[in-house]
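Here is a short tour of one protein model. Have a look at it first, and then we'll walk through it piece by piece.

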Amino acid sequence: QTLISELIESRYGRRIARIRQDIRASTVPAQLAEALKVDAGSPALMVIRRYFDAADEVFEITVTIHPA
């Protein structure tokens with residue numbers, strides 16, 4: 001029920017001014033395949049988010065893999 005941005009703000013005590021999000025085609029890395037219940041190397045989307053504060057400093061980066 002809570003937005004991830006609210007959790008990040010409360011953890012770091014910094015307000016998010018902007019988020020840069022890059023989405024790209026990828027494959028599932030071997031170390032994540034079992035947890036995601038897919039074959040290593042199978043298609044996936046990779047989402048990289050960079051969270052910036054009011055001073056335009058990056059204070060958190062997340063990488064998410066979404067299997068096909």
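## The sheet

Start with the strands: there are three of them, they form an open sheet in the order β1-β2-β3, and the pairing is antiparallel. At the edges you'll find β1 (18-27) and β3 (58-67), each with a single partner strand, so one side of each has no neighbour in the sheet. Going from one strand to the next, the twist averages 15 degrees. Keep in mind that this is a predicted model.

Helix α1 (residues 4-12) packs on it and touches β2 and β3. The direction of α1 makes about 145 degrees with that of β3.

## How the strands line up

Let's look at the pairings. Strands β1 and β2 run antiparallel and are joined by 10 bridges.

You can follow I48 in both directions. Its bridge partner in β3 is V63, while D22 stands opposite I48 in β2. Another pair to find is L45, which stands opposite H66 in β3.

Now for the turn: the hairpin of β2 and β3 has five residues between the strands.

## The nonpolar core

Which residues make up the largest nonpolar core? There are six in all: V28, A33, A44, M46, I48 and I65. Strand β2 supplies the largest share of this core, with three residues. As a general rule, nonpolar side chains in soluble globular proteins tend to be buried together.

Take I65 and see what surrounds it. Not counting residues up to four places away in sequence, I65 touches V28, L32, L36, A44, L45 and M46.

## A closer look at A33

Where does A33 sit? You'll find A33 in helix α2 (residues 30-36). Is A33 buried or exposed? Its relative accessibility is 6%, and buried means under 20%, so A33 counts as buried.

Leaving aside neighbours within four places in sequence, A33 is in contact with V28, V38, D39 and A40. For a sense of distance, pick I8: A33 and I8 are 25 residues apart in sequence and 27 Å apart in space, C-alpha to C-alpha.

Technical notes. Residues numbered from 1 in each chain as written. Predicted model: local features only at pLDDT ≥ 70, side-chain atom pairs only at ≥ 80, totals over all residues. Heavy atoms only, no water. Pairing = 2+ DSSP bridges. Helix = DSSP H or I, 4+ residues; strand = E, 2+ residues; numbered from the N terminus. Axes fitted to C-alpha atoms, helices over the stretch in contact; angles between N-to-C directions. Contact = heavy atoms within 4.5 Å. Core = buried A, V, L, I, M, F, W, Y, C linked by side-chain atoms within 4.5 Å. Buried < 20%, exposed > 50% of the residue type's maximum accessible area, 1.4 Å probe, protein only.
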